[in-house]
Amino acid sequence: MPLNDDQNSDFDSSRLSESTASSSDSEYSRQSFTSDSSSKPSSPASTSPPKTVTFDELMAAARNLSNLTLAHEIAVNENFHMEHVDLPQNSLEGRVKQIVHKAFWDHLESELNEDPPEYHHAIKLFEEIKETLLSFLTPGANRIRNQICEVLDADLIRQQAEHDAVDILGLANYVINTMGKLCAPIRDDDIKQLKATVNIVELFRQIFHVLDLMKMDMVNYTIQNIRPQLQRNLVDYERTKFQEILEETPSALDLTTEWIKESIKDELSVSCETSSSPGADGSSKPNLSPTLVLNNGYLKLLQWDYQKKAIPETLITDEVRLQKLKEKLNELQIIACVSLITSNMVGTAIVGLPDFADKLKRISAVLLEGMNKEKFDLKEALNTIGVQICSEVNRSLSERGFPTLNMEIQNSLVGQICSIVEEENPISSLIDKRIQLYMKSLLTLPSIQKCMPVIPGGLAVIQVEIESIGSQYASIVNFNKQVYGPFYANILRKLLFSEAPMGKTETGDSTN
């Protein structure tokens, strides 16, 4: 966007993964959780006694959360941008806007058609246009700034109007030419259309429309420029903002605390089942690894009911991403189940043919599209998948001179595929456990960029997809640990090692 010829924009955004430290920075040793940490200003505050939160404090916390969420989205989402959205014409807001705007433009047209013309509203429009054009300029663009102020001087235009010497069309053409100098290349066609417009009222209307588009371009241009800086400083920025939220709203970690409590309860339950040592009464609680507890909490997010259950406060900025990963994993789980059932029923001689497994995966993926929507009939979709797979298997068998599947085997295959959605289905439970095992192994790797865990048996058909999801998931988790590690340390110290004082957590001790 040529806002200033001297301005060189840095569009080489560094990847978020490069700006974050290794996962070892997020490890919690027992020593760090049981040691007394000195209070430091940069550390998250300890849990405070309940206090009355004023409306102003609540609004301040909301603003901080909004800023934190926006900054996080800009930094981690390379495709994040703003778009100009028009209200639907059939909506109430759309109809009201259309009526009001039509009334205004009709009134402007009647003023300009008077004899002599009335320029009051036209001058107001030029004033607004001038302010918008000036907002596009950088501080160093003095020459064009002075020119805009001189040509679109409201007092001068008003004096010209009083002597019937104002050239409205000439001023509009100057505005269009200036917009052409300031706009992004994508708006060149819009500028050409403006130049071809003859009716002055329609010209005003279209000028404001293109200016709105240019405002969006300016916002997106600014987002591109600040993204590298945000990526470099995002950990400190998010931690500081969340600390401000916590100071304004002491209950801002309640959901996070409950999330960690649930994880501890799960780990204690597993510990009691796998060990005969004391633990049922909670005496073995300090033997739990804080890292293991936290990683178990992160794994629960892949099975979270995002529609009914509020997500921990420290993960709000990644809620949409985590929900999409969960939904995609649900789809991949069914695809893996279908592949395993088909392989067991038909045999590897057919399923192991080149491209056959991918063909079955494509059939399933197409028919499962939209499966996470409320009105999606998963049972019907699985029945259709079963029928399609039977047809594909029979075709492949016929091409190779083998006998096709009889109706009994076909019905059994379709029935087993349809039973995937049933609770305690052995195939579904097996695939789910292996997906969870793979995701859990990702959280223990020092660097997922260097190596990926071995894919468990039964998941080979979805290897590419699950590795991609796993990489995204691990990046979200590792970054979240870096930002909120000190807050988690404070909570875990209280829950696991209640004998330790609940003072402020020193950032350096809690994240190493």
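In helix H5, Ile123, Phe126 and Glu127 meet Ala154, Ile157, Arg158 and Ala161 of helix H7, where contact means heavy atoms within 4.5 Å. The residues of this contact of H5 with H7 divide into five nonpolar, no polar and two charged; here Ala, Val, Leu, Ile, Met, Phe, Trp, Tyr, Cys and Pro count as nonpolar, Asp, Glu, Lys and Arg as charged, and the others, Gly among them, as polar. The model is predicted, with local features needing pLDDT of at least 70 and side-chain atom pairs counted only at pLDDT 80 or more, while totals for chains, interfaces and linings use all residues. Residues are numbered from 1 along each chain as its sequence is written, and side-chain values use heavy atoms, with hydrogens and water left out.

Helices H5 (residues 120-135) and H7 (residues 154-162) pack at an angle of about 160°, their axes 10 Å apart. Helices (H or I, at least four residues) are DSSP runs, numbered from the N terminus, and axes are lines fitted to C-alpha atoms over the stretch in contact, with angles running from 0 to 180 degrees between N-to-C directions. H5 and H7 are therefore roughly antiparallel to each other, given that angles over 145 degrees count as roughly antiparallel, under 35 as roughly parallel, 65 to 115 as roughly perpendicular and the rest as oblique.

With H8 (residues 168-182), H10 packs at an angle of about 20°, with the axes 11 Å apart, which makes H8 roughly parallel to H10. Among the residues that meet here are Ile168, Leu169 and Ala172 in H8 and Ile200, Leu203 and Phe204 in H10. The residues of this contact divide into 14 nonpolar, no polar and no charged. With H19 (residues 463-496), H10 (residues 200-248) packs at about 40°, the axes being 9 Å apart; that makes H10 oblique to H19. Here the division is nine nonpolar, two polar and two charged.

Turning to open space, the second largest pocket holds about 770 Å³. On a 1 Å grid over the protein atoms alone, a pocket is an open set of points where a 1.4 Å probe fits, with protein on both sides within 12 Å along at least five of seven lines, and lining residues have an atom within 4 Å of a point. Of its 28 lining residues, Lys326, Asn330, Gln333, Met371 and Asn372 lie nearest the centre of this pocket. Helix H13 supplies the largest share of the lining, seven residues. The lining divides into 10 nonpolar, 10 polar and eight charged residues.

Terms used
Points joined across faces, edges and corners; volume = space filled by probe spheres on them. Helix = DSSP H or I, 4+ residues; strand = E, 2+ residues; numbered from the N terminus.
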